[in-house]
Amino acid sequence: MKKENYFQVEVLVGNETRKVAFAKGINREVNFANVKKLLAEMGLKGYRKAEMVQVIRAEDAIANGDIVLIDINGNEIGKDNANGYYLIIDGQHRVYAASMLNREREKHGEQIIQVPGILIELAENESIAEYISAVNITKMPWKTDDYVRGAANVKQEELLAKYKELIKSEDNPNGFPLSTLNIIYCNNPKAMNKTSLSLLCQGKDEKGRGKVKKPIIPAHNIERGNRFITLCEEKGFSAKDIAKRYLSERFSDLFNEGGEEKAFDIFSRITPNDCQAMHNDKGNLIEEKVIEQFRLIESRIA
């Protein structure tokens, strides 16, 4: 979230008023361009009471101990204070717009608005992460990193946690595209896509129709993928280089041809001159140069 001291916002549900809270790492990243549009509309027409945000009582949200609550400024909310907050499930952009509007109202001595809210009910065995993913997918189109983060929040699975850590996003501009992660950890550029990640966000474990179903989480090897990334870094390749598919595709080809140890053996023989030769004069990794240099490396072994 944007680092700023936001004006506190209260949500009114029935006759009960509470401050707003968010689920750390689960609520979607705030799009401030969208917030500004809502703020402009509110500034002209006020806050429409029919535009309610969806909430759940904060103490209920943290009952299972798997959610960390933060306030509108990113400060963690302790368990003892949770009963003074509503967790925003849907409507966080509207809440941030209301915060900005209230700051202006306070400056001019005008009455502070309360945001109308409605308590949501989770389906049987549905988690808060699943509900948040479901309502967000139907609204503003998700980017790939949104799907990855949503799936990782719903499914506590090692591969998804690794993807969440490394996926390219606004917060991690030096991260990896989904297809590159698929090659590195699953040896298949199409191992997971937005469709499969969307199913995971909904809490599903299998895909397919009828009796022909298979696990959504593909076969993978975290240790091998981590070892590949570490070796590339040791050989002088930058995160930007590794994020491109050229190195991981070459490793995949070698792996498919002769197995894991052959692939690692050839990569271990990369010299600083080899690394430099794979780049152009501007320092960009070039696919044709990568392919050619690996031919030379293999010829030195023969």
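User: Hi! Is Tyr 163 buried or exposed?

Analyst: Tyr 163 is buried, with a relative accessible area of 0%. Buried means under 20% relative accessible area, exposed means over 50%, and partly exposed is in between, using a 1.4 Å probe and protein chains only.

User: What should I know about the model itself?

Analyst: This is a predicted model, where local features need pLDDT of at least 70 and side-chain atom pairs count only at pLDDT 80 or more, while totals for chains, interfaces and linings use all residues. Residues are numbered from 1 along each chain as its sequence is written, and side-chain values use heavy atoms, with hydrogens and water left out.

User: Thanks! How many aromatic pairs does the structure hold?

Analyst: The structure holds 10 aromatic pairs. Rings of Phe, Tyr and Trp (its six-membered ring) pair if their centres lie within 6.5 Å; planes under 30 degrees apart count as stacked, over 60 as edge-to-face and the rest as tilted. In one of the pairs, Phe 32 and Tyr 96 have ring centres 5.9 Å apart and planes at 85 degrees, so this pair is edge-to-face.

User: Where do Phe 32 and Tyr 96 lie?

Analyst: Phe 32 lies in helix α1 and Tyr 96 in helix α3 (residues 92–107), so the pair ties together parts that are 64 residues apart in sequence. Both Phe 32 and Tyr 96 are buried. As for the naming, helices (H or I, at least four residues) and strands (E, at least two) are DSSP runs, numbered from the N terminus.

User: And why is the pair of Tyr 163 and Tyr 185 called tilted?

Analyst: Their planes are at 50 degrees, with the ring centres 6.3 Å apart, so the pair is tilted. It links distant parts of the chain, with Tyr 163 in helix α6 (residues 158–166) and Tyr 185 in helix α7 (residues 178–186), 22 residues apart. Tyr 185 also counts as buried, at 0% relative accessibility.

User: Which residues do ring pairs link into a cluster?

Analyst: That cluster is made of Phe 228, Phe 251, Phe 264, Phe 267 and Phe 294.

User: Now helices. At what angle do α12 and α14 pack?

Analyst: Helix α12 (residues 260–268) and helix α14 (residues 287–301) pack at about 100 degrees, with their axes 10 Å apart. That makes α12 roughly perpendicular to α14. Axes are lines fitted to C-alpha atoms, for helices over the stretch in contact, and angles run from 0 to 180 degrees between N-to-C directions. Angles under 35 degrees count as roughly parallel, over 145 as roughly antiparallel, 65 to 115 as roughly perpendicular and the rest as oblique.

User: Which residues meet there?

Analyst: From α12 there are Asp 265, Ile 266 and Phe 267, which meet Phe 294, Ile 297, Glu 298 and Ile 301 in α14. Contact means heavy atoms within 4.5 Å.

User: What about Met 42, which residues is it in contact with?

Analyst: Leaving aside neighbours within four places in sequence, Met 42 is in contact with Tyr 47, Arg 94, Ala 97, Ala 98 and Leu 101. Met 42 sits in helix α1 (residues 32–45) and counts as buried, at 4% relative accessibility. The C-alpha atoms of Met 42 and Ala 97 are separated by 8.0 Å, though these residues are 55 apart along the chain.

User: Last one: how many residues of α8 are buried?

Analyst: In helix α8 (residues 194–201), 6 of its 8 residues are buried, so the helix is mostly covered. Among them are Leu 197, Leu 199 and Cys 201. Just after α8, Gly 203 takes a positive phi of about 90 degrees.
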